Structures are given as C-alpha cells and as structure tokens.
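Colleague: I'd like to learn how to read a protein–DNA model and its chain interface. Can you walk me through one?

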There are 2 protein chains.
Amino acid sequence: MNTIDDIDRRILRELQRDSATPLEELGTRIGLSRNACWRRIKALEAAGVIDRRVALLNPGTLDLGLMVYIQLRTSAHEPGWLEKFSRATNAMPEIMGVYRMTGDLDYLIRARVPDMAGYDRLYQRLIARVPLSDVSASFVMEEIKDTHELPL
Amino acid sequence: MNTIDDIDRRILRELQRDSATPLEELGTRIGLSRNACWRRIKALEAAGVIDRRVALLNPGTLDLGLMVYIQLRTSAHEPGWLEKFSRATNAMPEIMGVYRMTGDLDYLIRARVPDMAGYDRLYQRLIARVPLSDVSASFVMEEIKDTHELPL
DNA sequence: CCTGAAATGCACTCCAC
DNA sequence: GTGGAGTGCATTTCAGG
C-alpha cells in the first residue's frame with residue numbers, strides 16, 4: 001500500500017463530508033484533473049482507506065431522538081461471557097457501539113432509541129440475553145457535536 | 001412529509017449499509033421497479049430523512065487507532081462557558097462527538113487520535129482553550145461493535 | 001506522474017399502461 | 001404502482017506526454 005500524501009488527505013476530507021460531489025468539481029477544488037482525481041480515489045479504495053459509501057440518515061425524522069450511553073462494570077465473568085456478549089450486542093440494531101475500555105468502567109455501549117420506554121425495552125432485552133452486573137445509563141440531553149468524519 | 005412505510009425502511013436499510021448499489025439491483029432486492037425505487041429515494045431526500053452521502057474511512061489505515069472517551073464533571077461555569085466550549089470542540093477535528101449528559105457526568109467527548117501521545121496533545125490543546133475541571137479519560141481497548149447504521 | 005478525448009453505463013425524466 | 005425509451009452527465013478506459 002502506498003503512503004497517503006497531502007492531496008490524498010484533501011480528497012478524503014471532501015469524500016467523507018460529501019461523496020456525491022461530481023469528480024469534475026472535486027478535481028478543480030483540489031487542483032487536479034478529473035482523471036487524476038479518480039485514479040487516486042480508486043487507489044484509496046483498493047488500499048482499504050476508503051471503506052465504503054453510505055447514506056447518512058437523520059435520527060430525528062426516524063423517531064430515534066434519544067441517544068444513550070450504557071456503562072457496564074463487570075463482576076467476574078464466566079468463560080465465554082465476552083463471546084456471548086458480543087453476539088448479543090451485534091444482533092441488536094439499537095446498539096451502535098460496544099467498546100471494551102480502560103479504567104474503572106469495563107464496557108461502554110452506545111445506543112439510539114425513540115425514548116425512555118425504548119431504552120427500557122432495550123435494557124430488558126439485553127439483560128435477558130447476557131448476565132450483567134452494575135449497569136448504569138447516561139442519556140444525551142444535547143448533541144453539541146456528532147460526526148463520523150475522521151480528523152485528517 | 002409523508003409517513004415512512006415498511007418499503008421505505010428497507011430502502012433506507014440498504015442505503016445506510018451501502019449507497020453505491022445501482023438502482024436496478026436495489027429495486028429487485030426489495031421487490032420494486034428501478035423507477036418506483038428512485039421516486040421513493042428522492043422523496044426521502046426531500047423529507048430530510050436521508051441527510052447526505054458520504055465515504056466511510058478506515059481509521060486503522062489512517063493512524064487513528066486510538067478512540068478515547070473523555071468525561072467532564074463541571075464546577076460552576078461562568079456564563080458563556082458552554083458557548084466557548086462548543087466552539088472549541090467544534091473546531092477540533094479529533095473530537096468527533098460532544099454530548100451534554102444526564103447523571104453525574106456532565107459532558108462526554110468522543111475523540112480519535114493516533115496514540116497516547118496524540119491524546120495528550122489533544123488534552124493540552126483543549127484545556128488551553130476552555131477552563132475545565134475534573135477531566136477523566138477512558139481509552140477503547142477493543143471495538144466490539146461500531147457502526148453509523150440507525151436501527152430501522 | 002499527469003492530461004484530454006473517446007466509449008460506456010447509469011441516473012434521471014417522460015412516457016403509456 | 002410497472003416497464004420502456006431517450007437524454008445527458010458521470011464514470012471508466014484508452015492513447016499519449
């Protein structure tokens with residue numbers, strides 16, 4: 001895989017902000033021909049730097065206004081617990097992120113639900129599938145910033 | 001804005017997983033003609049349900065392997081503090097999420113950096129711009145799940 | 001590495017049904 | 001809602017510097 005230079009970074013910055021821009025405009029914006037631009041994009045895709053193109057949806061219009069972070073502190077887990085936990089959370093679409101953490105909290109879950117009742121249903125379903133101890137939830141009152149864009 | 005029916009949801013599910021699929025294939029997959037499919041997508045865009053199309057990048061290939069959650073517990077902040085905090089965090093690209101929370105922690109920051117040294121630089125820059133008290137960081141050891149896809 | 005042009009294919013529109 | 005057909009532009013390939 002080739003090293004990523006400055007021009008690549010500018011291309012990536014544009015694409016992760018908006019991938020619908022025509023090649024022509026993208027090229028002129030970064031001072032490259034449409035064609036050279038295209039070749040770099042293909043190379044970045046082949047190298048796995050660009051993972052995929054997706055549509056970003058608006059949570060507010062889909063009745064998913066409540067974001068919640070669930071913190072888990074574990075007791076001693078039996079062998080195979082992590083495997084079961086991983087399968088359970090991966091099978092639950094409301095759960096968008098699951099992270100094993102340093103520090104005093106062991107696992108952190110990021111989820112989106114319509115409202116408090118929706119959180120309760122999620123919680124009930126989760127503890128029914130995996131034994132959990134010491135669960136606490138924090139709800140997002142205000143999203144000051146929330147982006148998928150990586151710092152380049 | 002029209003209500004979103006089951007077929008719309010299936011379209012959205014496909015698009016937020018992969019927006020590069022040709023209309024033809026997308027149509028057959030959900031059992032709709034290319035044409036009807038296209039009309040629904042345009043309607044969803046007009047209604048703001050589909051926000052935009054973006055490229056998703058691979059953090060591992062861009063030397064952004066470390067994800068960190070920074071927890072802030074506030075002391076009494078002077079007026080205008082939130083405004084300053086918001087501007088500062090929005091101007092820092094490593095910071096991908098900033099949330100005002102319920103519960104004992106007041107603000108939660110999600111950020112991506114290359115490594116521990118990168119985190120320290122971020123931390124130093126942040127406290128230089130905004131007065132903060134009671135800052136604690138938790139680092140992601142393992143990403144068990146991490147997706148942008150909303151539950152539909 | 002790049003540019004510019006040619007060929008392909010798809011998005012998009014309009015049509016009749 | 002379906003399918004077909006036509007236009008134009010984006011994407012891709014190719015020839016060449």
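Predicted model: local features only at pLDDT ≥ 70, side-chain atom pairs only at ≥ 80, totals over all residues.

Colleague: Which elements supply at least two residues each of the surface near DNA strand C?

Modeller: Helices here are DSSP runs of H or I with at least four residues, strands are E runs of at least two, and both are numbered from the N terminus. The elements are α3 (34-46) of chain A and α3 (34-46) of chain B. The largest share, four residues, comes from α3(A).

Colleague: What part of DNA strand C do the atoms within 4 Å of the protein belong to?

Modeller: Sugar or phosphate accounts for 55% of them, and bases for the rest. For individual pairs, look at polar contacts (N or O atoms within 3.5 Å; within protein, one must be able to donate a hydrogen and the other to accept it, and residues adjacent in sequence count only if both atoms are side-chain atoms). On the base side, an N or O atom in the side chain of A:Asn35 is 2.4 Å from a base oxygen, while B:Asn35 has a polar side-chain atom 3.0 Å from a base nitrogen.

Colleague: Now the protein–protein side. How much area do chain A and chain B bury between them?

Modeller: The size of an interface is often given as the accessible area lost when the parts come together. With a 1.4 Å probe and the loss summed over both parts, chain A and chain B bury about 5800 Å², 60% of it on carbon and sulfur atoms. Taking contact as heavy atoms within 4.5 Å, each chain contributes 65 residues.

Colleague: And how many salt bridges does the rule find across that interface?

Modeller: The rule wants a side-chain nitrogen of Lys or Arg within 4 Å of a carboxyl oxygen of Asp or Glu, and it finds six between chain A and chain B. One of them joins B:Glu142 to A:Arg100, with the closest N and O atoms 2.8 Å apart.

Key:
Residues numbered from 1 in each chain as written. Chains lettered and ligands numbered in written order. Heavy atoms only, no water. Near = heavy atom within 4 Å. Buried area = accessible area lost by both parts, 1.4 Å probe.
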